[in-house]
Number of protein chains: 2
Amino acid sequence: MRLTPASELAQRCKKLQQYMTQEGLDAVIIAQNADLFYFSGTIQSGNLYIPAQGEPLYMVRKDHGRARRESALQEIIPFGSMRDIPARLAEYGYPTPGRIGLELDVLPVNFYERFRKTFPGAAFTDATPLIRRVRMIKSPYELEIMRAAANQQDAIFQRAKEVIREGISELELAAELECCARKLGHQGLIRMRGFNSELFYAHIFSGPDSAIPAYADTPLGGPGLNPSFGQGPGHKAISRDEAIIVDFGACADGYLSDQTRVFAINSLPARLRKGYDDMRKVQERMMAIATPGVPWGAVYGECLSLAIEMGYADSFMGAAGSQVSFIGHGVGIEIDEYPFIARGFDDMAMENGMVFAFEPKVVFPGQGAVGIENTFHLDQGVVKQLTCSSEEPVILAG
Amino acid sequence: MRLTPASELAQRCKKLQQYMTQEGLDAVIIAQNADLFYFSGTIQSGNLYIPAQGEPLYMVRKDHGRARRESALQEIIPFGSMRDIPARLAEYGYPTPGRIGLELDVLPVNFYERFRKTFPGAAFTDATPLIRRVRMIKSPYELEIMRAAANQQDAIFQRAKEVIREGISELELAAELECCARKLGHQGLIRMRGFNSELFYAHIFSGPDSAIPAYADTPLGGPGLNPSFGQGPGHKAISRDEAIIVDFGACADGYLSDQTRVFAINSLPARLRKGYDDMRKVQERMMAIATPGVPWGAVYGECLSLAIEMGYADSFMGAAGSQVSFIGHGVGIEIDEYPFIARGFDDMAMENGMVFAFEPKVVFPGQGAVGIENTFHLDQGVVKQLTCSSEEPVILAG
């Protein structure tokens, strides 16, 4: 089992502490699983206390022994209740913090109230923007894992070529690809940070199903199997001469990879083929302009303008009335990390070390949707692809 | 696609409004997916405003058209921002609410702050205990769906008999059963309400792996594939003469079913076999005592006492140091609903109409774990089983 090295954890902590000092925070207390994994190397339930200076203290409710085996942090102690935190901090010589950062975008209110009782004199602020800034720059260690995820992604893509046939349902196709991913070591779970942002592996749909909008913050929605979870594959049988979307989230050792490819049996209708080629041009434009220093919103704006010029004002990134205001998103332990290549993010800029998915997609209501998605790495000023499957639409014999 | 009938939604709303009146709440605003599905029949993103009297108003950000197709509620309107809510309420003649219930156990702090700005004069309380009380009593409509989930569960159990063989890894077995579940219409997603409570289908593990504790609030943990999601199946190959745990979450049309069965190749070691038989006795005791009016904590206490009498003080419901303080949990749209058959719940009583899983399990560190789990329905004073797979351990030829 791959364990996060101590040097990696130390680097991450140090960077967060720099941001904390800039923002005048005395401590950040981490509770959410994705952040726990990033800063401790495990997700045993408890609280990770990171002071502005000094060593982090991981207070673990369950399971302490496992936390010690999986985490390379030095200070890991058992604890029973949040009320015990101040006493534990005192034992370790940490002063009572006055300004505390919490993950206020994900922390439920009832937990927050417990923190407020535990630290009655403290002021609380949202630490998530700082945490996101640390997490958005991937280390060589992380990139190695993300390359493994991209390779898993390609194996799933190859499997799709074998499985897709006339008459198979979207759900059956999804089931086969999920099974393939799982056997390749996919943990199953795909983490999306946003409240209510449930996701399951993949968006696989075909023909008109791809054009069905959903509640999710994704360009395509899909019917799903029932209104309880109305997104993703439905029961529709796949036919000849329609676009089949395979948008899959691969995962290796907790790190994700996001890729979308288009398949068809017999032929891809000309209008969809043109749409697909146009989306590839949007991708090319992004690769040319997303260099360090360029605001996220500018990358978004220029690619959106190109799509509008191409005639997709009402169909780019979702059906009219259901379009989303982003084209790309950071990828790592969660599928919605920084950067947000999205409207309104004009004061945050592209940086070397970022890993992000870019997914220009276009919807033709009643007929379907097409688009492409790759996971990219901004490396020494150049946008490089991590996902590596062939980008030509796969046309299978009918 | 099965849509929740209008009469069903009306009943649910009426019951919540009764509780709201008892508690002096003017309104409950529902935002979380599981609750949205329960009270509206869909999960299109937005806010469902339920006044203490009158019709609920579903304000939908995305996708409004789909909300209208999937929800049988009368009043479904598009809206853009939380700031617009008071104006929308005024249009519908609803007075500005003074006491508002929100889902404070799941609602992130940043969302709460937006509600506080939207209703500057209001007092907010946690509506989740009321919502839980409504949801814990299942209607005949819900029971019909949950029976379908239990039947799906049995098909997965039958599939396990075909797939388990010497040398197959826990992960491969999980992948095959997940694939089977999916083809039977499982939505993939299993909802668990608690913060950080991520779950993926099933806990499948064998031999000593079953005794590995994890962070999750479950009696058994398992190794998982990596510390990012350290629970569930690992890479271990399944051997002869050890206990194989198949704890699966089935799902039909958004409703869950929870069942655990034990398999072995060639033989189940005598100590484990005895443990299994003892856990069945704990189940029998629960079935005899969990009648309407008995406190949840009393059911827990009496079953725990029996397990302790049997000599399992340090191994019942988890390995020593990692034991959980419950034996059963309500099941419905989420896997952690009311009732909690758990320590400390002495002021809540069993009621007709409840559906719950009961899962006495015992751990033998280094050797494995055994136990049984079924999903039950308390019907006219009698505890009846919904899950229906044979309860004898399945001993496969070696």
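The following dialogue works through several features of a predicted model and how each can be read.

User: Which conventions apply before any feature is read?

Analyst: Residues are numbered from 1 along each chain as its sequence is written, while chains are lettered from A and ligands numbered from 1 in the order in which they are written. Since the model is predicted, local features need pLDDT of at least 70 and side-chain atom pairs count only at pLDDT 80 or more, whereas totals for chains, interfaces and linings use all residues, and side-chain values use heavy atoms, with hydrogens and water left out.

User: How is chain A divided into domains?

Analyst: Domain bounds come from an automatic or database domain assignment. Here chain A falls into domain 1 (6–135) and domain 2 (137–396), to whose contact domain 1 of chain A gives 19 residues and domain 2 of chain A gives 16 residues, contact meaning heavy atoms within 4.5 Å. The centres of these two domains, taken over C-alpha atoms, are separated by 33 Å.

User: Which features does UniProt place on chain A?

Analyst: UniProt positions are given in the numbering used here, with feature names shortened, and annotations may be inferred rather than shown by experiment. From an unreviewed entry, UniProt places "domain: Creatinase N-terminal" at residues 12–137 of chain A, a span that is 42% helix and 23% strand. UniProt also lists "domain: Peptidase M24" (unreviewed entry) for residues 144–377 of chain A, where the chain is 29% helix and 22% strand and the end C-alpha atoms lie 12 Å apart.

User: Which strands pair with β15 of chain B?

Analyst: Two strands pair if DSSP finds at least two bridges between them. Strand β15(B), residues 374–379, pairs in the antiparallel sense with β12(B), residues 355–358, over four bridges, with B:Phe376 as the bridge partner of B:Phe356. Four bridges also join β15(B) to β16(B), residues 382–385, again antiparallel, and B:His377 stands opposite B:Lys384 there. In the hairpin of β15(B) and β16(B), which has two residues between the strands, B:Gln380 takes a positive phi near 50°.

User: Is A:Arg66 buried or exposed, and which residues does A:Arg66 touch?

Analyst: A:Arg66, found in helix α3 (residues 64–70) of chain A, counts as buried because its relative accessible area is 2%. Not counting residues up to four places away in sequence, A:Arg66 touches A:Gln44 and several residues of chain B, including B:Ile212, B:Pro213 and B:Gln231.

User: Which residues have the most contacts inside the largest nonpolar core?

Analyst: A nonpolar core is a set of buried Ala, Val, Leu, Ile, Met, Phe, Trp, Tyr and Cys residues joined through side-chain atoms within 4.5 Å. The largest has 148 residues, and A:Leu16 and B:Leu16 have the most contacts inside it.

Note on methods
Buried < 20%, exposed > 50% of the residue type's maximum accessible area, 1.4 Å probe, protein only.
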